[in-house]
Amino acid sequence: MLYPVIWQNNSVSLIDQTRLPNEYTVVQIHRSEDMAQAIKTMIVRGAPAIGVAAAYGIYLGSREIEAQNHQEFLEHLEKVADLLRSTRPTAVNLFWAISRMMKTAYETLGTVVEIKQKLWETAQAIHAEDLQTCHAIGEHGLAALPPTPEKLTILTHCNAGALATAGYGTALGVVRSAWNSGRLERVFADETRPRLQGAKLTAWECVQEGIPVTVITDSMAAHCMQRGLIHAVVVGADRIAANGDTANKIGTYSVAIAAKAHHIPFFVAAPLSTVDFSLPDGSKIPIEERHPGEIYQVGDTILTPGAVDFYNPAFDVTPAELITAIITENGVFAPDKLTSFKY
């Protein structure tokens, strides 16, 4: 099993996902500033994994604070939290994990040393809970998949696997559960332009476990559906609004439209911590825009002529009416039923 975030030797080890699939490298993180940079540059990515990493980032930051006065310590810790919050605007798990860590800091009675210990314990709990959550999502998702045919082909978009979580994955957690139960024939993985997380990461994960995988370009998804090659779509999420509108990697909306047109079930797999109940609908979800170099350049090769403009949103929002169901650790629900689980 792949674990992209590991606490060991009093620091955090991250699989450098920018170097996969050609090079497996582990980066050691000792400081909150380094964790913020790792999140921003996508060394660690995927909403749940970002949340786990941010939790450890808060703890690492707390270790750097020398103040022993309670109030002074909290003021410094708020600066660490602000730094981590500024890294990625869309993935709500980042903000959820930071809020939980800061709540621990403010509610812990005792010395600064005791607060730091509680922060470490909370980060560990967030980490362990995410792994348990992914396994639960996998099992609930397996039960929700179409009963026929006996063996399914599932289309994914981006990477919502072990690399995007504490381990096992959300969308790929469902895939893994289907594979382990003998219900999966093959995964079709959208390449996921412009950063190619499907081609690089989802395909790599499948190869590691011997799961048959076919990589297609994003523009081939509708064709494959038309040809009867896809039985279900399962994707992850970076933020889900209270009404079920879902932000996920750019291109997900197009896949959902195609699935609806071909009467193919479209599932979103995500922990309840990904639901932002403060947002009534997807129009309020902030959409990160990234550097245009992700579009015009692959490696050292420039793909476009000079003097052109670029628009590079990292996410899009799939309306709830295009989503068959949302798979969570507590079960599978219609998008409009999520509010019954509001924390």
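A residue is termed buried under 20% relative accessible area, exposed over 50%, and partly exposed in between (1.4 Å probe, protein chains only). By that scale E23, at 36% relative accessibility, counts as partly exposed. The model is predicted: local features need pLDDT of at least 70, side-chain atom pairs count only at pLDDT 80 or more, and totals for chains, interfaces and linings use all residues. Residues are numbered from 1 along each chain as its sequence is written, and side-chain values use heavy atoms, with hydrogens and water left out.

**Domains and their interface**

- An automatic or database domain assignment supplies the bounds, dividing the chain into domain 1 (5–133) and domain 2 (147–341).
- The centres of the two domains, taken over C-alpha atoms, are separated by 26 Å.
- Contact, meaning heavy atoms within 4.5 Å, involves 26 residues from domain 1 and 30 residues from domain 2.
- Buried area is the accessible area (1.4 Å probe) that two parts lose on being put together, summed over both; for domain 1 and domain 2 this is about 2300 Å², with 58% on carbon and sulfur atoms.
- R45, T90 and V92 account for 26% of the area that domain 1 buries against domain 2, more than any other three residues.

**Salt bridges**

- A salt bridge is defined as a side-chain nitrogen of Lys or Arg within 4 Å of a carboxyl oxygen of Asp or Glu, and this rule gives a count of 14.
- One salt bridge is found across the interface of domain 1 and domain 2.
- R88 and E288 pair through their side chains at 2.7 Å, N to O.
- R290 and E294 also form a salt bridge (2.7 Å, N to O); R290 is buried at 17% relative accessible area, and E294 is buried at 14%.
- Shared partners link R88, R195, E288, R290 and E294 into one salt-bridge network.
- R19 pairs with E23 at 3.5 Å, N to O, and R19 is partly exposed at 41% relative accessibility.

- Helices are DSSP runs (H or I, at least four residues), numbered from the N terminus.
- The closest N and O atoms of R100 and E129 are 2.7 Å apart in a salt bridge.
- Because R100 lies in helix α4 and E129 in helix α5, this pair ties together parts that are 29 residues apart in sequence.
- R100 is partly exposed at 25% relative accessible area, as is E129 at 31%.

Terms used. Helices (H or I, at least four residues) and strands (E, at least two) are DSSP runs, numbered from the N terminus.
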